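Here is a short briefing to read alongside the structure.

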Amino acid sequence: MNLTLKVWRQKNNKAKGSFETFKVNGISSEMSFLEMFDVLNEQLVAENKEPVAFDHDCREGICGACSMYINGRAHGPWHHNTTCQLHMREYKDGDTIVVEPWRANSFPVIKDLVVDRSAFDRIIQSGGYISVNTGNAVDANSLPIDKQRADESFAAATCIGCGACVAACPNTSAMLFVSAKVSHLALLPQGEPERQTRAVNMIQQMDTEGFGSCTNIGACEAECPKGISLENIARLNREYISSVFAGEEPAA
Amino acid sequence: MPLNSKIPAGPLESKWKTYKSTCKLVNPANKRQLEIIVIGTGLAGASAAAALGEMGYKVKAFCFQDSPRRAHSIAAQGGINAAKNYQNDGDSTFRLFYDTVKGGDYRAREGNVYRLAEVSASIIDQCVAQGVPFAREYGGLLSNRSFGGTQVQRTFYAAGQTGQQLLIGAYQALERQVSLGNVEMYSRHEMMDVVKIDGVARGIIARNLVTGELERHFGHAVLLCSGGYGNVFYLSTNAMGSNVSAAWKAHKQGAFFGNPCFTQIHPTCIPVSGDHQSKLTLMSESLRNDGRIWVPKQKNDSRKASDIPEEERDYYLERRYPAFGNLVPRDVASRAAKERCDEGYGVGASKMAVYLDFAAAIMRYGKIEANKQGQHNADATAIRALGEAVVKEKYGNLFEMYEKITGEDPYKMPMRIYPAVHYTMGGLWVDYELMTTVPGLYALGEANFSDHGANRLGASALMQGLADGYFVIPYTMGNNLADDIRTKAIPTDHAAFVAAEKEVSDRINKLMSIKGKTSVEAFHKRLGKIMWEKCGMARNAKGLTEAIAEIQALKKEFWSDVRIPGDINEFNPELDKAGRVADFIELGELMCKDALNRNESCGGHFREEYQTPDGEAMRQDDLYSYVAAWEYKGDSQEELHKEDLVFDVVHPSQRSYK
């Protein structure tokens with residue numbers, strides 16, 4: 001099939017960006033969306049032009065690197081899907097596809113479709129862990145954990161940190177990301193000792209990074225490639241409120 | 001130079017214990033003065049950086065991805081082995097050791113493998129303490145499943161996302177050390193070279209991939225945790241960015257490369273669909289717990305799978321290997337699939353695929369579930385629905401992935417699969433302390449060669465990465481750095497840093513100045529084709545000799561005709577890739593030379609000239625029971641060093657899974 005692409009081009013963080021239009025021909029329905037971009041980039045190299053920069057790595061939906069905003073939707077039209085797993089059988093000959101980077105002040109553009117998501121790493125640094133040093137652990141089966149809780153914790157832990165939730169949110173809130181981590185750890189007995197400081201500190205870091213507030217729109221859940229549930233946000237709110245009532249001040 | 005593997009003396013089961021209780025230590029005040037550089041943040045790198053940070057060393061960690069959490073360990077699916085014997089099915093440290101040595105076709109070191117088996121149980125404990133949500137049974141205890149090449153259930157897992165959960169555990173431990181100031185993290189940075197001073201690794205030249213700037217970093221020691229080199233084949237299950245460059249640069253600086261030709265071809269991957277293909281996707285080995293592999297008994301059978309009656313199906317693994325059935329090791333399963341397809345029994349449009357069928361498992365689980373719920377006369381539809389739910393819980397994400405890629409529903413029709421390049425057992429030669437032949441330079445995880453011999457067993461890569469990082473390097477690092485406490489941090493205006501940076505810069509300038517006509521991608525594809533056809537699942541002397549000449553010609557062409565758009569001092573993925581492909585080309589040549597040198601078949605290395613009458617790999621223990629450690633001697637020049645493998649406990653025999 002032959003397609004028209006309107007792609008966001010931006011030389012670097014300081015430059016002003018704009019859309020550039022390309023034609024790509026001979027795209028097969030078996031290609032992935034990123035393989036279609038490979039075709040575009042090979043074409044641009046052949047024409048001695050600069051290829052479009054985009055983040056990608058595992059191309060199997062798990063590393064969280066790929067991050068395209070396709071026709072107004074984070075990771076494109078498929079449900080529970082990353083950009084790399086979107087396949088061209090979705091499109092038909094003659095279609096026009098608009099591709100933008102994640103749009104959020106807290107994710108500044110590095111180049112073209114590549115953004116800086118290091119804010120997520122800093123949120124994890126603020127408390128997204130259990131403080132155990134290597135070598136102290138007791139036998140794994142000495143701590144039975146209710147299967148349902150373990151499964152719920154796992155479901156929250158499947159977040160790939162791609163940032164689609166932020167890109168999809170009109171407020172660019174990172175609540176789904178933060179709540180997934182808080183839930184993963186709060187649901188496990190191992191996470192109990194730091195439960196209160198964790199919620200407070202991670203929320204504070206999220207605010208410091210400039211992410212917006214949650215107004216319960218639900219676009220994050222709808223666009224999340226891993227189906228992280230809004231229930232996690234409710235749990236985060238409970239964790240936060242109970243921490244504040246318990247008198248936990250954010251760490252200085 | 002004679003290779004000294006530094007295996008501690010004494011009986012196998014006490015080597016590591018003795019080492020740990022007699023190795024030198026560094027006191028806490030001195031640890032704070034010692035700087036360690038870690039390249040790569042996958043399971044090996046993240047766990048090493050976190051563990052060393054916790055101990056008080058000053059660590060700098062580097063990854064080329066935008067976040068350490070994206071390292072390719074994240075994509076590991078099926079599980080991690082540990083000799084816990086939670087299932088009471090006869091597992092033990094010795095059995096895990098034995099299975100691994102046998103699975104590796106007797107080409108691994110006994111001492112290293114025993115240590116790996118010994119620390120495996122602690123890994124599970126550590127990960128649970130970190131909050132890794134492994135799968136559990138209703139009683140609240142951990143669940144296990146089987147992997148290839150074993151007859152016990154020792155694999156711990158988190159659905160089909162075990163690597164993700166383990167890496168997130170290690171990543172969180174790493175980020176905690178970042179927050180405490182013990183680790184400095186450099187994302188979107190690539191190591192360009194190792195800096196040696198007086199023969200010792202004392203730092204690196206790194207490139208900031210956002211700005212293109214070169215940076216100098218000092219370290220008392222440098223750890224390469226940079227993964228494997230499967231992408232030399234262009235198509236593999238590795239991530240697009242996975243590369244050999246850090247290891248290859250170390251090789252050129254004097255680190256010997258061990259068994260480079262030992263490549264693992266994984267039997268169950270989604271088949272290639274066309275020339276556009278950029279990578280291949282694995283379908284976890286854990287699926288072989290429940291999936292049955294078959295092809296039609298009739299050649300060129302073009303009927304749909306569902307139209308082929310049971311008696312006209314050839315479950316060839318169950319037929320050839322009744323003792324292990326569908327759970328034979330990867331090398332054996334891959335060759336068997338290739339054999340069937342080459343003989344004309346393949347399925348799908350390309351005829352280069354076999355079926356992996358879950359119908360029987362769905363009905364079996366459905367019946368158990370129906371009984372549990374008291375529905376003793378449920379009909380087939382109800383049983384099927386219950387069974388599908390069980391299979392979904394076990395492998396849901398894999399089935400979903402398969403459907404997205406192929407557009408077919410594997411609950412309703414069997415998966416089509418074919419072998420693909422997955423892992424590299426070869427890597428930098430290291431001694432028992434994980435140190436390469438360059439003092440102060442270490443290699444951990446897939447980047448080293450040490451534990452898997454000629455074939456890795458499933459669920460053992462995660463185990464090895466974390467064993468090296470959490471439980472081995474913290475001891476061996478201290479033993480070596482104890483002698484280095486008087487070495488002050490060397491300023492990076494030292495002549496060695498200046499010279500190394502200039503060399504890196506010259507190479508980049510040279511690449512950019514070629515301004516040829518052919519894209520980096522095109523060269524990479526051509527290299528991959530040579531490697532897959534002539535140094536892939538089956539190899540012979542003629543093909544390998546041709547491949548060496550073809551790769552040398554390709555290298556010349558690359559350095560005179562590659563086209564790299566953009567500039568040096570900016571975010572330029574084409575330039576990054578060009579440097580990596582240049583290194584892959586050189587590595588490819590060495591792999592072919594190693595494969596040509598090894599006149600035997602063992603594990604994943606199958607030389608067509610050396611096989612038993614029924615097509616099994618035939619080793620030549622009297623001639624090749626050694627590690628081939630290659631020393632770089634200049635462009636296309638190398639010298640072979642041999643480390644003889646000594647088996648005190650296990651007696652090498654013809655591997656049998658029948």
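Where in chain B is B:Phe147 found? The loop between α5 (110-130) and β4 (155-156) of chain B holds B:Phe147. The model is predicted.

**B:Phe147 and its surroundings**

- B:Phe147 counts as buried because 29 C-beta neighbours lie inside 10 Å, and the cut-off for buried is 20 or more.
- Neighbours within four places in sequence aside, B:Phe147 touches B:Gly78, B:Gly79 and B:Asn81, and also B:Thr155.
- B:Pro329 is 182 residues away from B:Phe147 in sequence, yet their C-alpha atoms are 8.4 Å apart in space.

**Where chain B touches chain A**

- Chain B puts 62 residues into the contact, and chain A puts in 69 residues.
- On the chain B side, the elements giving two or more residues are α3 (43-55), α5, α6 (162-179), α11 (380-406) and α16 (573-597).
- α6(B) gives the most to this side, with nine residues.
- By residue class, the chain B side that touches chain A has 24 nonpolar, 23 polar and 15 charged residues.

**The five-stranded sheet of chain B**

- This open sheet has the strand order β5-β2-β1-β9-β17 (chain B), with parallel pairing.
- β5 (183-186) and β17 (441-443) of chain B each have a single partner strand, so one side of each lacks a neighbour in the sheet.
- From one strand to the next, the twist averages 20°.
- Within chain B, strand β1 (residues 35-39) runs parallel to strand β2 (residues 58-62), and five bridges join the two.
- Opposite B:Val38 stands B:Ala61, in β2(B).
- Helix α7 (residues 245-252) of chain B lies across β1, β9 (221-224) and β17 of chain B.
- The angle between α7 and β9(B) is about 130°.

**Chain A as a whole**

- Eight helices and seven strands make up the secondary-structure elements of chain A.
- The C-alpha trace of chain A spans about 60 × 40 × 35 Å along its principal axes.
- Chain A has 252 residues, and 53% of them count as buried.
- Among contacts in chain A with a separation of 6 or more, 71% link residues 24 or more positions apart.

Terms used
Residues are numbered from 1 along each chain as its sequence is written. Chains are lettered from A and ligands numbered from 1 in the order in which they are written. This is a predicted model: local features need pLDDT of at least 70, side-chain atom pairs count only at pLDDT 80 or more; totals for chains, interfaces and linings use all residues. Helices (H or I, at least four residues) and strands (E, at least two) are DSSP runs, numbered from the N terminus. A residue is buried if 20 or more other C-beta atoms lie within 10 Å of its own, exposed if 12 or fewer, and partly exposed in between; C-beta atoms are placed from the backbone. Two residues are in contact if their C-beta atoms, placed from the backbone, lie within 7 Å. Ala, Val, Leu, Ile, Met, Phe, Trp, Tyr, Cys and Pro count as nonpolar, Asp, Glu, Lys and Arg as charged, and the others, Gly among them, as polar. Two strands pair if DSSP finds at least two bridges between them. Axes are lines fitted to C-alpha atoms, for helices over the stretch in contact, and angles run from 0 to 180 degrees between N-to-C directions.
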